[in-house]
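Please look over the structure shown here before reading the notes. They are meant for a reader who is new to protein models.

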Amino acid sequence: MPVDTFQLLHLLTAALLGLPFAGFLVLVLASRRVSGVLAILLTTTGLALSVLLALKLPEQGVSIQANWATLSGISFPIRFSVDALAVLMLVVVHFVALLVQIYSISYLHDEPKLSRYFAYLQLFIGAMLGIVLAGNLLVMYAFWELVGLASYLLIGFYTERPAASKAAQKAFLMNRVGDIGFLIGIFLTYYYYGTLDLVLLTAKGGTVVIPTALGLCLFMGCVGKSAQFPLLTWLPDAMEGPTPVSALLHAATMVAAGIFLLARIHPLLSPDALMVIALVGTITTVWGGFSALFQTDIKKVLAFSTVSQLGLMVAAMGTGHVQGAMFHLLTHACFKAGLFLSAGAVIHAVHTQDMRLMGGLRRSLPTTFLAYTACAAALVGLPFFSGFLSKETILNGAFSWAGEHDNFLTYIVPVSLLLSSALTALYMARQWRLIFFGQYRNELIPASQAHEPDWLMRGPVVLLAIFSVGFWFSINPLSAHGSWFFRVFPLMEEITFWWMAPLSIGLVLVGGWLGFQMQDPRPDSSVVQLSLRYGFLDFFYQYLVIKPTIRLASLLNRTDHRVVDGLVDGFGVSVVVLAHIIRVVDKLGLDGFVNRIAWLVGRLGRLTRSVQNGRIQSYITAAVVGLLVVLWWIL
Amino acid sequence: MQPVDSFLFLLVGAALFCIGLTVVVLKRHAIVVLMGIELMLNAVNINLVAFSQYDPDRIQGQMLALFVIIVAAAESAVALAILIQVYRHFRTAQLDELTELNR
């Protein structure tokens, strides 16, 4: 390999990282009219650069390293590395970000803070690229936090809405819980292996006995960022942000960072840790799917569906099928972004997010209807769509994993995953029916006013819908094994159960039919409440975490007031008393002494002065007396 | 003629001097003080005259006494003139009140 090609690759990597951050600084100051065009230009450049990088990438990858800190012989380098996985993520992030930004120009056209919006998006892209390109855990953690910040800023973008600010804080705090675990995991990694470099760790992972706690701590980062059980409640609240943000951050890319992290650290996970991860993923899938079932907010259904799909990916990681999870991440990014953007188009048309006030929109929004149908079909996993391929891979992997274990209970994981895909069909069909079929139910805004958005919004939606078709990923619509994806990332074993495809298609069809026909039970029934409040997880947090924390805080506050303040006050009072004593001593002792001397000198002076009283007679007296004394002394 | 013992003269002179000194020191009025000074001068004169008996030929003591008397007269004139000016200036001749030296 010639040297200048390497230099070109280094330059490309640096430019990819630098562009969005430079864009962030420029866009903060840009006017709102040019900001959108500028942002799209930047992201297009980024996409072109990543494609170029993908084409030029050598087999062994590229890495840039710089020394950052050296503490008493231990050095922490900054390291960015590009490999096939990173390039895949680069292209996905740039592609979705580009479409979302084009969409945003139209969707947010009368938003006064538009330039700030695009600046935040650039910040997010930069941070996400940082995670993707990070060559060691420390760098990844830094960008991980930066992504959290960008997410916080974008969720709370509508600063005038208190709910948005609250949701942003909630997302930030819940992510913090996970991040602390991640940080401890990084410490543990350094403690056990003496390095944070991902390549070295991958090499060591297979040879050394791995502590389970390490893997679980690192996994906590993923639990926070990817909204896994039990930290999943921030994601539905994050829907307070603008819809394109939900599409980019909270469906396609940011929440996938946790999955990406798991893919990077997979060799560091012990079998026990993998089991826990698989279980957490399974619980999340079912929990999210069930919570999506009776939501009335169009975006919340999609949010819980995201939770559910992320759970599926995590479960795939837990069952050891990194490639399957990454494949699902890729397909999910396309169709979920498409779903969110379509939902944005629907919201744009009817000015509400409440699905009970929609209905029959397939006539007034035909393009959106078709795109939505394609993306939803990919999500539920109908054949000929991308989701089918990735889900089949994951389910096959999960069943073969369960087969390897002796314990019969491990079949809980794949069976739950299979059932949750039926659950997906159920809630998506219900949503489909509520939005596009039946009668239009909103009396305030007449149905004739609902119209398709302009092509700036329709274009990205249609493009994402096209990419939801399975043809792009695999020529064979019923199996992913011929896919280009698995030629780049080869599967470890290729077990395909013959009954898998018919069974899952059957389950999806049954679920979809049920969902389409089902009438919602009364809103106050316990099942609906359980789903609407996502298993009362927030109440659990409210009573078991937040309330005791606040009580502890007020207790500490009172202790602070009484004990600490008392101590400080007592100290202050004693100092004042001491000062008074010193003052008295000073006054009586030192000042008294000084005054006494002054008084004495004054007295002496007056005494001396009295001799010179100006009376001539006393002078004469003195002279005579003096003369007499002298005489007496002489004689 | 038996000469009088000079001791007695000296005694009278000393007494006169002491009286004069006492007047100068104790009296408040300037004129009285001047009178005391005259007394002290005269005490000296007595001494001069008394010692003059030991010089019967040239009687220098008596000559000096006369000289002193003249000087005393002149001195009194000058002193009285000053005193009149002082009185005009300060409207008093009480030495207690004339403490200009105590400045």
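Predicted model: local features only at pLDDT ≥ 70, side-chain atom pairs only at ≥ 80, totals over all residues.

Residues are numbered from 1 along each chain as its sequence is written, while chains are lettered from A and ligands numbered from 1 in the order in which they are written.

**Chain A as a whole**

- Chain A has 23 helices and two strands; these are DSSP runs numbered from the N terminus, with helices (H or I) of at least four residues and strands (E) of at least two.
- The C-alpha trace of chain A spans about 155 × 65 × 55 Å along its principal axes.
- The radius of gyration of chain A is 37 Å, whereas a compact globule of 635 residues would have one near 26 Å. This radius is taken over C-alpha atoms, and the globule rule is 2.2 Å times the number of residues to the power 0.38.
- Of the 635 residues in chain A, 46% are buried. A residue is buried if 20 or more other C-beta atoms, placed from the backbone, lie within 10 Å of its own.
- Among contacts in chain A with a separation of 6 or more, 80% join residues 24 or more positions apart. Two residues are in contact if their C-beta atoms, placed from the backbone, lie within 7 Å.

**Helices α11 and α14 of chain A**

- Helix α11 (residues 256-265) of chain A packs against helix α14 (residues 322-350) of chain A at an angle of about 160 degrees, and their axes are 10 Å apart.
- That angle makes α11(A) roughly antiparallel to α14(A), a term for angles over 145 degrees.
- On the α11(A) side, the contact is made by Ala256(A), Ile259(A) and Ala263(A). On the α14(A) side, Val322(A), Ala325(A), Met326(A), Leu329(A) and Ala333(A) take part.

**Pro244 of chain A**

- Pro244(A) lies in helix α10 (residues 243-252) of chain A.
- Pro244(A) counts as buried because it has 28 C-beta neighbours inside 10 Å.
- Pro244(A) and Ser104(A) are 140 residues apart in sequence, but 6.3 Å apart in space, C-alpha to C-alpha.
- Not counting residues up to four places away in sequence, Pro244(A) touches Val100(A), Tyr103(A), Ser104(A), Tyr107(A), Leu341(A) and Gly344(A).

**Chains A and B**

- Nine residues of chain A are in contact with nine residues of chain B.

Note on methods. Axes fitted to C-alpha atoms, helices over the stretch in contact; angles between N-to-C directions. Parallel < 35°, antiparallel > 145°, perpendicular 65-115°, else oblique. Buried ≥ 20, exposed ≤ 12 C-beta atoms within 10 Å, placed from the backbone.
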